[in-house]
Number of protein chains: 2
Amino acid sequence: MELKKLNDLKKLLKKDQRKRLVVAAAQDRHVLEAVRDAEAMKVIQPVLIGDIEKIKLIAGEIDFDLKNALLLNHPDPLEASYVAVELINKGEGDILMKGLVGTAPILKAVLDKEKGLRKKALLSHVSLFESPYYHKLLGVTDVAMNIAPGLNEKKIIVENAVELFNAIGYTLPKVAAVAAVELVNDAMPATTDAALLTLMCKRKQILHCIIDGPLGFDNAISKEAATIKGIDSPVAGDADLLLCHDINAGNILYKSLNFLGGAECAALIMGAKVPFVLTSRADSEKSKLMSIVLASLI
Amino acid sequence: MELKKLNDLKKLLKKDQRKRLVVAAAQDRHVLEAVRDAEAMKVIQPVLIGDIEKIKLIAGEIDFDLKNALLLNHPDPLEASYVAVELINKGEGDILMKGLVGTAPILKAVLDKEKGLRKKALLSHVSLFESPYYHKLLGVTDVAMNIAPGLNEKKIIVENAVELFNAIGYTLPKVAAVAAVELVNDAMPATTDAALLTLMCKRKQILHCIIDGPLGFDNAISKEAATIKGIDSPVAGDADLLLCHDINAGNILYKSLNFLGGAECAALIMGAKVPFVLTSRADSEKSKLMSIVLASLI
């Protein structure tokens with residue numbers, strides 16, 4: 001199964017299965033707008049932790065009726081983050097969302113060895129793009145969390161993303177391990193890591209996906225480009241997910257698709273006990289909402 | 001002065017100033033089509049080195065009248081490359097173009113310490129994009145030649161690109177040294193190199209441009225994104241050139257703009273005694289032609 005548009009995610013929603021969305025430091029207008037919209041779609045039940053006074057003020061301004069929301073007053077952002085994490089650990093929350101708190105403090109709570117939400121050895125960012133120039137949704141990882149992952153870290157980054165794809169109905173997502181060239185070159189670790197991941201997948205060291213690499217970005221997403229290069233691959237030209245070598249490659253791709261590619265995306269942090277929504281002010285309304293919808297499907 | 005479209009390059013052409021375009025191993029249909037078009041525009045005079053019999057055969061098929069072309073018969077591609085380089089060193093050629101010869105052999109001739117065309121300490125690739133989502137042409141470097149440049153290599157990569165921009169009328173091109181984040185972070189060499197290049201430009205160690213970095217790709221090309229982050233910069237939101245950290249970042253950006261960005265580009269290898277046109281089969285006709293036009297302006 002393949003999804004062509006971000007809106008196709010909505011079709012996967014089940015009726016009357018609201019997930020409990022726990023927002024840490026919820027006194028943020030942009031975040032509350034997205035929560036309001038997701039609540040109106042009956043996707044989530046909001047659990048808003050933060051400065052209740054400010055939350056109510058903003059809610060009034062944006063016509064967000066809080067009658068279905070649970071509110072907990074913890075004005076300090078770090079404390080709000082720890083309370084959010086604690087709630088989830090007690091089984092009282094299904095999705096974590098970042099509000100008006102820095103990335104560093106909320107990650108402190110999430111990664112806390114005793115009280116946190118650790119599951120995998122690392123968290124990673126997965127984005128799902130709808131591009132006017134590609135025939136289906138295109139995943140990209142990791143564009144934000146891991147600076148220079150080694151082979152084993154890349155394995156977990158792939159697994160985190162594959163968990164997401166499996167949850168939205170892809171039984172065997174096609175993963176392209178992308179490098180600047182499609183030949184193995186000892187001087188380019190992106191190519192050797194890509195080749196090793198491909199073999200690890202063949203040996204079932206990485207499950208529930210098909211990996212091929214090294215592939216150039218062009219070969220990964222264009223059958224024509226792959227054919228010109230004589231590449232025979234089950235992934236080439238039809239990738240569901242691109243694994244980027246490091247944060248420099250991932251981030252520049254993410255931003256070029258968003259800013260110079262006419263694309264929109266939903267994005268999650270994966271690898272914790274629950275999906276983690278971390279949107280930024282620059283994200284479009286649709287992007288924020290679809291990130292919550294995506295989280296609710298995991 | 002700023003150019004908005006690749007076609008604006010044509011306006012910079014001077015009348016009756018044909019450059020001598022030396023093609024090594026010219027028996028390539030795609031290359032000869034671009035040469036034919038550039039010749040018809042009176043931009044260049046072709047010097048075609050290679051297998052004359054095959055060149056004439058292809059020329060017949062694509063309606064390329066060879067009456068203005070100089071033909072030299074050297075069927076061996078490596079030999080043709082060396083002859084091309086020799087001609088240029090004798091002052092009988094202004095632009096080098098790669099035909100049906102591998103990148104490795106032609107670079108062998110270009111980089112030959114005695115007979116080659118070395119000028120700067122390294123060659124680098126500069127591409128000039130026309131994107132439907134940006135308000136002017138956008139340069140990107142280096143996406144193809146240098147795998148993991150250090151600080152001094154990045155300095156030369158910038159200088160090579162700045163030479164190109166200066167030649168097409170930009171007296172002070174705005175250069176964004178792009179990283180995943182806009183803060184200096186010792187764990188991310190892309191950010192420290194970017195900061196150092198910025199200061200080197202302030203100290204006039206790099207001339208004829210304005211460098212700012214580290215900038216995220218978003219801050220570099222979007223004023224709005226820069227404002228949200230509170231970045232005060234003469235380059236942010238209005239970059240003419242993006243310096244990418246390494247080949248993984250550069251190549252994925254180059255290909256995403258070409259394949260998923262609706263963009264077109266002209267591209268050159270800079271740093272040798274003459275501009276070097278190296279197109280690939282996958283490039284569009286316009287891209288190949290505009291690369292020759294660009295080379296003729298250097």
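In which helix of chain A is A:Ala34 found? In this predicted model, A:Ala34 belongs to helix H2 of chain A, which covers residues 29-40. The residue has a relative accessibility of 3% and therefore counts as buried, the cut-off being under 20%. Leaving aside residues up to four places away in sequence, A:Ala34 touches A:Lys288, A:Leu289 and A:Ile292. A:Ala34 is also 9.9 Å from A:Ser284, C-alpha to C-alpha, although 250 residues separate the two in sequence.

A polar atom of the A:Ser296 side chain lies 2.6 Å from the backbone oxygen of A:Val293. With residues up to four places away in sequence not counted, A:Ser296 touches A:Leu13, A:Lys19, A:Val43 and A:Ile95.

B:Lys136 lies in the loop that runs between strand S5 (124-130) and strand S6 (138-141) of chain B. The relative accessible area of B:Lys136 is 1%, and the residue is therefore buried. Its side chain takes part in a polar contact with the side chain of B:Glu2, at 2.8 Å. A polar atom of the B:Lys136 side chain also lies 2.9 Å from the backbone oxygen of B:Asp238.

The relation between the two chains was considered next. Two copies of a chain are related by a rotation about an axis and a shift along it. Here, chain A is superposed on chain B by a rotation of 180 degrees with 0.0 Å of shift along the axis, and the RMSD is 0.0 Å. This is the relation of a two-fold axis. Of the interface residues of chain A, 100% are also interface residues in chain B, so the copies meet through the same surface.

The contact draws 37 residues from chain A and 37 residues from chain B. About 3,100 Å² is buried between chain A and chain B, and carbon and sulfur atoms give 74% of this area. On the side of chain A, the residues that lose the most area to chain B are A:Tyr133, A:Ile252 and A:Leu260, which together account for 24% of what that side buries.

Polar and charged pairs are also present at the interface. Six residue pairs are in polar contact across the interface of chain A and chain B, with both residues at pLDDT 80 or more. Two salt bridges are counted between the chains. A salt bridge joins B:Lys255 to A:Asp218, with the closest N and O atoms 3.3 Å apart. On the side of chain A that touches chain B, the elements that give two or more residues are helix H8 (217-221), helix H9 (223-228) and helix H10 (247-260) of chain A. H10(A) gives the most to that side, with eleven residues. By residue class, the side of chain A that touches chain B comprises 24 nonpolar, nine polar and four charged residues.

Note on methods. Residues numbered from 1 in each chain as written. Chains lettered and ligands numbered in written order. Predicted model: local features only at pLDDT ≥ 70, side-chain atom pairs only at ≥ 80, totals over all residues. Heavy atoms only, no water. Contact = heavy atoms within 4.5 Å. Buried area = accessible area lost by both parts, 1.4 Å probe. Salt bridge = Lys/Arg side-chain N within 4 Å of Asp/Glu carboxyl O. Polar contact = N/O pair within 3.5 Å; in protein donor to acceptor, adjacent residues only side chain to side chain. Helix = DSSP H or I, 4+ residues; strand = E, 2+ residues; numbered from the N terminus. Nonpolar A, V, L, I, M, F, W, Y, C, P; charged D, E, K, R; others polar. Buried < 20%, exposed > 50% of the residue type's maximum accessible area, 1.4 Å probe, protein only. Least-squares fit on C-alpha atoms with pLDDT ≥ 70 in both.
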